[in-house]
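Here is a short tour of a protein model, written for someone who likes cut-offs stated plainly. Have a look at the sequence and structure first, and then we can walk through a few features together.

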Amino acid sequence: MPMFTRFVQAGRLALITFGPCAGKMCTIVDIVNQKNVVVDGPESVTGVKRHMMPVKRLSLTDFRTVVRRGCREKTLKKALAKDEVMKKWSESAWAKKLKAKETRQSMTDFERFKLMVARKKRSQAVKKALKTKK
């Protein structure tokens, strides 16, 4: 079994972890040197323009689409659509966790209160159900 499976390679889907595009998805398009890569959203799909970025600021995912190094945005968009990479990403546990975190952060005070009340009710119902089983 190979030690690593997530290689820095053209077509690898990655999550930007730092900078103005933090939290957005991008695709590695070209490798500049040991530490830097060229990434592209494409902008119409993820909102990330083509630019150079250090590998340290990326979290590589398991998803990859087959494209050549330095491919055009149009080619990349076609390949992503054909392989349904963005759909597969949105169905992954990692993406769902990020979405839940984002939802929690955007909650208002009243929504947090309603959530707390719902959790209390659920907890009481579970305790009651367990008590009746004994």
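## Annotated regions

In an unreviewed entry, UniProt lists residues 1-23 as "signal peptide"; such annotations may be inferred rather than shown by experiment, feature names are shortened, and positions follow the numbering used here. The end C-alpha atoms of residues 1-23 are 31 Å apart, and the span is 0% helix and 22% strand. Helices (H or I, at least four residues) and strands (E, at least two) are DSSP runs, numbered from the N terminus.

The unreviewed entry in UniProt also lists residues 49-122 as "domain: Large ribosomal subunit protein eL14". For residues 49-122, the end C-alpha atoms lie 45 Å apart, with 59% helix and 15% strand in the span.

## Ground rules

This is a predicted model, in which local features need pLDDT of at least 70 and side-chain atom pairs count only at pLDDT 80 or more, while totals for chains, interfaces and linings use all residues. Residues are numbered from 1 along each chain as its sequence is written, and side-chain values use heavy atoms, leaving out hydrogens and water.

## Aromatic pairs

How many aromatic pairs does the structure hold? There are three, where rings of Phe, Tyr and Trp (its six-membered ring) pair if their centres lie within 6.5 Å; planes under 30 degrees apart are stacked, over 60 edge-to-face, and the rest tilted. Phenylalanine 63 and tryptophan 89 form an edge-to-face pair, because their ring centres are 6.4 Å apart and their planes stand at 85°. Since phenylalanine 63 is in strand β5 (residues 58-64) and tryptophan 89 in helix α3 (residues 85-90), the pair ties together parts 26 residues apart in sequence. Tryptophan 89 is buried, at 8% relative accessibility; buried means under 20% relative accessible area, exposed over 50%, and partly exposed in between (1.4 Å probe, protein chains only). Ring pairs also link Phe63, Trp89 and Trp94 into a cluster.

Phenylalanine 110 and phenylalanine 113 make a stacked pair, 6.3 Å centre to centre with 25° between the planes. Both lie in helix α5 (residues 109-133), three residues apart, or about one turn of the helix. Phenylalanine 110 is exposed at 52%, and phenylalanine 113 is partly exposed at 45%.

## Around aspartate 40

Is aspartate 40 buried or exposed? Aspartate 40, in strand β3 (residues 36-40), is buried at 1% relative accessibility. Its side chain joins that of arginine 50 through a polar contact of 3.1 Å (a pair of N or O atoms within 3.5 Å; within protein, one must be able to donate a hydrogen and the other to accept it, and residues adjacent in sequence count only if both atoms are side-chain atoms).

Leaving aside neighbours within four places in sequence, aspartate 40 has contacts including Cys26, Val48, Glu73 and Leu76, with contact meaning heavy atoms within 4.5 Å.
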